[in-house]
Amino acid sequence: MKKSLITVFLLSTLNVFAQTPKDEGLKEIEESTINSTLTYLASDWMEGREAGRPGAYRAAEYIASMYEFMGLEPAGDTVNGKPTYFQSFDVLEYKAADKQHLSIATENGQEFTFAYHTDFEVKAAPSSVKGKGRLVFVGYGIEVDSLNYSDFYKKNYEGKVWVRLKGAPKNGKVGNAFKDEPAKQVHKLKEKLAEKYGALAIIEIDPFGDLPKTSSNYPFRDNRKYYEGDQPLSSFYDTRLYSPVSEASKIAPVFMGGEYITAVLLNISSVNQYIKSLENKKIYSPQLKAVSAEFKSNAVVERKRVRNVLAQVTGSMPDSIVMIGAHYDHLGKREGYVWNGADDNASGVAAVLGIAKAVKATGVQPKKTILFASWTAEEKGLHGSLNFLRNYVKTQDINMYLNFDMIGRRGDWHSKDNQVSFIYNAENPETWEISQSNIEKYSLNLEMFDGKTKRGEAGGSDNVNFDNFGIPYFWFHTGGHEDYHQVSDHSEKIMMDKATEITKLSYLSIWDIANE
């Protein structure tokens, strides 16, 4: 009996001494820590962490204090000769003013002036824009390179007022190209093409409905989840950001018109004929009944200072870098409601801080430098990560970027609680293999959902900017759900055990990559 006990003791002792630095780091990732970090960031005290607002500054200070407490080196701006954890930059925050003007002249000399908030809504440009221009129909205002399809192949569209259909086609080859594309990505593509082809202004109409869906004198509409009132609840999307402030904006104002404006512009039957023709090779071109539009898009513009939070652990090969990032901003607060953003994206920031703690707990220097980033202003256009990449002098040294955005729930497209989408470059399949290997080796309760994408097809989060800069990425993401961008995205709905398992897997994989 004594011999058996001694043998067990010796084996246990040897097992303890056999722990690798990687194993030591893994032990520091605990559900209680993920829970406390996430819950604090998603509390009302943070006021929804809207970029440029006090709540976002509190969140940034908290994240920086955690980096400092863990012993990570500051990697932000140098102020008075000392490095800081903050990378600060300015943006223009803008929204549509209370007064807007739109009038349309027809070919027979009639002029129609429309009412703001009744006949149309405005998506303003970053400055007030006044103009008059000839009208031109641009269909959906899209291009599909793989099909050699473009709505801009016949005419000169620069300096004109575009008549554009809302969204993207649903049928035919062109429609199939957008079938799985999120509405946000379609919008970004259309905005980019409007800048490229020089739209003076855009009148956007809905071929299948009446924009706007409610007029200003229609009471008791349901504006947001769990809200109903006789006044519209202002939207987070009413306010937008523009950067860099050193470049003049080429963004055109968008007048979103209802059925009255549509009737003045063209016959709806011709719109339906155009949509139907997209299923064929020969595209029908509707004839506009109006010839020109005069407009004044007034904007309220304010310059704001925002901040990324950056820290690092310097490797023995400092010119080789792996990055870990998550945006910490969310949608803010308005009219007494707070958009806490527990899953989007307090969950991602909790993972980044958990990995940082684990990396320091290894007690050894990694081969590659590990750079930790908490991004600002992701929700309003991925501005934080884009500003970093525009200004970071060593982008060519970044070997890999790991992104976290929403890792705490079961997504709409997942069939099991333990599934997580692993979105990565098809050109870098080894990242999938590394993660699968770590799941098996460490018996993690996760099942990976393959989200392989081609270069230039990254969507949804800060990984888009890294992809555009040619930097390989992988993104752990648990998908959309009913509380996405709602006031109901609260911390008590987070699957803390799942977020913890994802944090463990991410640490294991990035540690392997950092020590290749």
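Close-up 1. In helix 10 (residues 383-391), the residues His383, Gly384, Ser385, Leu386, Asn387, Phe388 and Leu389 are buried, where buried means under 20% relative accessible area, exposed over 50% and partly exposed in between, computed with a 1.4 Å probe on protein chains only. Because 7 of the 9 residues of helix 10 are buried, the helix is largely enclosed by the rest of the structure. Helices (H or I, at least four residues) and strands (E, at least two) are DSSP runs, numbered from the N terminus. The model is predicted, so that local features need pLDDT of at least 70 and side-chain atom pairs count only at pLDDT 80 or more, whereas totals for chains, interfaces and linings use all residues. Residues are numbered from 1 along each chain as its sequence is written, and side-chain values use heavy atoms, with hydrogens and water left out. Leucine 382 lies in the loop between strand 22 (368-375) and helix 10, and this leucine 382 counts as buried at 4% relative accessibility. Although leucine 382 is not a glycine, its phi is positive, at about 60 degrees.

Close-up 2. Most residues other than glycine have a negative phi, and most peptide bonds are trans. Asparagine 80, which is not a glycine, has a positive phi of about 55 degrees and is found in the loop between strand 2 (78-79) and strand 3 (82-83). With a relative accessible area of 78%, asparagine 80 is exposed.

**Close-up 3. Two cis peptide bonds.** Serine 243 and proline 244 are joined by a cis peptide bond with an omega of about -5 degrees, and proline 244 belongs to the loop between strand 15 (239-242) and strand 16 (254-257). A cis peptide bond also joins aspartate 344 to asparagine 345, with an omega of about 5 degrees; asparagine 345 is located in helix 9.

**Close-up 4. Packing of helix 3 against helix 9.** Helix 3 (residues 31-41) packs with helix 9 (residues 342-361) at an angle of about 135 degrees, the axes being 8 Å apart; axes are lines fitted to C-alpha atoms, for helices over the stretch in contact, and angles run from 0 to 180 degrees between N-to-C directions. This makes helix 3 oblique to helix 9, given that angles under 35 degrees count as roughly parallel, over 145 as roughly antiparallel, 65 to 115 as roughly perpendicular and the rest as oblique. From helix 3, Thr33, Ile34, Thr37, Leu38 and Leu41 meet Ala342, Ala346, Ser347, Val349, Ala350, Leu353 and Lys357 of helix 9, contact meaning heavy atoms within 4.5 Å.

**Close-up 5. Packing of helix 3 against helix 13.** The axes of helix 3 and helix 13 (residues 496-514) come within 9 Å and cross at roughly 110 degrees, and the two helices are therefore roughly perpendicular to each other. Helix 3 contributes Glu31, Ile34, Asn35, Leu38 and Thr39 to the contact, and helix 13 contributes Met496, Asp497, Ala499, Thr500 and Thr503.

**Close-up 6. Surroundings of serine 277.** Serine 277 is placed in helix 8 (residues 268-277) and, at 6% relative accessibility, counts as buried. A polar atom of the serine 277 side chain lies 2.6 Å from the backbone oxygen of tyrosine 274. When neighbours within four places in sequence are left aside, serine 277 is in contact with Lys282, Ile283 and Tyr284.

Key
A polar contact is a pair of N or O atoms within 3.5 Å; within protein, one must be able to donate a hydrogen and the other to accept it, and residues adjacent in sequence count only if both atoms are side-chain atoms.
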